[in-house]
Amino acid sequence: GYSRQAEAEAAMSKEDQLAYSKKARPVEYVPYSGRDYKAQFGGDAYYELGKLGPDLDQGELAAKRERQERMRAFAEGVRHENRQQVAQAPEKRDKPKPPSTRQKAMEFAKNVPKPKVKPQVREEVQESDGSDEEGELTELQLLALRHQRDKELVEQIRRDMRINRD
């Protein structure tokens with residue numbers, strides 16, 4: 001049985017033997033330090049890598065571009081027509097604005113004649129001697145008399161309340 005195993009191993013190539021064996025494979029690896037990395041790739045500076053950019057071969061993008069171009073062309077045509085219409089239109093003359101309510105009132109006030117000042121006649125009011133002739137008294141005198149009566153009434157009520165409390 002030993003010769004069969006030897007023949008089977010000889011038939012396998014070196015790579016096949018490593019795949020089925022428990023031995024470590026030879027690796028082409030050189031360990032580098034942080035200093036080596038910085039020296040090779042450029043220090044501490046941050047730099048941005050390139051971007052992918054648009055996929056220009058996509059059909060949707062071409063349709064979108066075409067639609068935008070049609071919209072721009074249409075907008076330019078409309079803008080051109082509007083400019084022509086404005087150029088051909090007669091100039092609008094501003095109609096005078098109707099006067100506002102305030103302006104009308106000011107004009108009316110200018111034309112209203114001012115009232116003539118009447119000379120004031122001084123009438124000396126005779127002070128009453130305490131008589132109750134209310135027909136001859138002015139309104140101010142009537143109010144003063146009424147106030148005096150009310151004051152006397154209040155004073156009497158206060159006197160009555162003091163008597164009742166004691």
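How many helices and strands does the secondary structure of the protein come to? The predicted model holds 6 helices and 0 strands, where helices (H or I, at least four residues) and strands (E, at least two) are DSSP runs numbered from the N terminus. Residues are numbered from 1 along each chain as its sequence is written. In this predicted model, local features need pLDDT of at least 70 and side-chain atom pairs count only at pLDDT 80 or more, while totals for chains, interfaces and linings use all residues; side-chain values use heavy atoms, with hydrogens and water left out.

Of the 166 residues, 1% count as buried (under 20% relative accessible area; exposed is over 50% and partly exposed in between, with a 1.4 Å probe and protein chains only). Helix α3, residues 34-41, has 0 buried residues among its 8. Gly42 follows α3 and has a positive phi, near 95 degrees.

The count of salt bridges comes to 3, each defined as a side-chain nitrogen of Lys or Arg within 4 Å of a carboxyl oxygen of Asp or Glu. Arg72 pairs with Glu69, with the closest N and O atoms 2.8 Å apart. These two residues lie 3 residues apart in helix α4 (residues 59-88), so about one helical turn separates them. Glu76 forms a salt bridge with Arg79, also with a closest N and O separation of 2.8 Å. Glu76 is partly exposed at 39% relative accessibility, and Arg79 is partly exposed at 40%. In the salt bridge of Glu107 and Lys110, the N to O distance is 3.7 Å. Glu107 is partly exposed at 45%, whereas Lys110 is exposed at 62%.
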